[in-house]
Amino acid sequence: MSKSKKALITGITGQDGSYLTELLLEKGYEVHGIIRKSSSFNTGRIDHLYNNPEILNKKLFLHYGDLVDASNLNRLLEKIQPDEIYNLAAQSHVKVSFELPDYTAQVDALGTLRLLDAIRETGVKTKYYQASTSELFGAAKESPQNENTPFYPRSPYGVAKLYAYWITVNYREAYGLFASNGILFNHESPRRSETFVTKKITSAAVRIVLGKQDKLLLGNLDAKRDWGYAKEYAEGMWRILQHSEPDDFVLSTGESHSVREFTEQAFTELGIKIGWRNPGKDEYGFVEEIDFNNEYLQKLGKSRLGVSEGQKLIEISPRYYRPTEVYNLLGDSSKAKILLNWEAGTKFNDLVKLMVKSDFKKFSKF
């Protein structure tokens, strides 16, 4: 019987980490995760695994650690001897990176260096995956963006990730490490935090319809992103490390949609057609029409519906604007399709649908 592969995941408690952990366990891996020490547990996304006695400390092992602590990383690599390392840990909120630029650089940029150098120093034979981002492209001069598109990051987060990308390439070329970058365009799911705009929108839409929230505040409605399903992107990460050679890959859906479209689609799923008035900084969204034949509204009933026609639901708040904006990201993942046999199966409308469905189940009693 062959020995199980060992995988080490930083950022295991995040959206991507939780899906990747499930995938690797299904494939028979022994999974090790690094979690930061804090006064409260942050294992919510993996609690179904963490609380399973058949898995915890038998197939899944959690270790305290941090990307800002190089000596700790060295000790963990020597102890675990992983066959594969997935570096998903990051300060990953673009807007927050403007407020915490130094911390973002320490974790996202230098944290990657520390982990790569720990691989080099310990000599552990492993394959390394670096979670890169479409924010590298920023104000790209061409669309769609692929592996050859010049980078132009527009935030401290993007700049920190740019360093992480190139230091991964450098250690691959300088020391012969199997080190690959996954340049993932936006990928969302019901496990996304509400600090990210997609989950903020779907959660708010459901709460508004249920009468548990009055309105939704947003920033740039016309920023466009290539949004995919995080669970499928975790599969892509794994495939990148199964490729015969270390390389860099874009993962994307090949479709771009605006925050405005995402908002409209979320409310449409709930039977609410959104209209817009006062284009510009005072623009707002209102209930233009209600479809009482909608499956969610039929469950809810007219008497418990939290909105009415003409009601103002969406407002623009300057606090959600970034000092430098990224207006349109659209990925071309042809290389991944050809070399990895990977492509996004869940497109925009289906992604919004599954997120709304999850939030309705969470916030209602149905």
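Because the model is predicted, local features need pLDDT of at least 70 and side-chain atom pairs count only at pLDDT 80 or more, whereas totals for chains, interfaces and linings use all residues. Residues are numbered from 1 along each chain as its sequence is written, and side-chain values use heavy atoms, with hydrogens and water left out.

Seven strands form an open sheet in the order β3-β2-β1-β4-β5-β6-β11, with parallel pairing; strands (E, at least two residues) and helices (H or I, at least four) are DSSP runs numbered from the N terminus, and two strands pair if DSSP finds at least two bridges between them. The edge strands, β3 and β11 (248–251), each pair on one side only. Between β2 and β3 the parallel pairing extends over five bridges, and Gly 33 has Leu 62 in β3 as its bridge partner.

Helix α1 (residues 15–26) packs on this sheet and touches β1, β2, β3 and β4, where contact means heavy atoms within 4.5 Å. Its direction makes about 175 degrees with that of β1, axes being lines fitted to C-alpha atoms, for helices over the stretch in contact, with angles from 0 to 180 degrees between N-to-C directions.

After α3 comes Gln 81, whose phi is positive, near 55 degrees.
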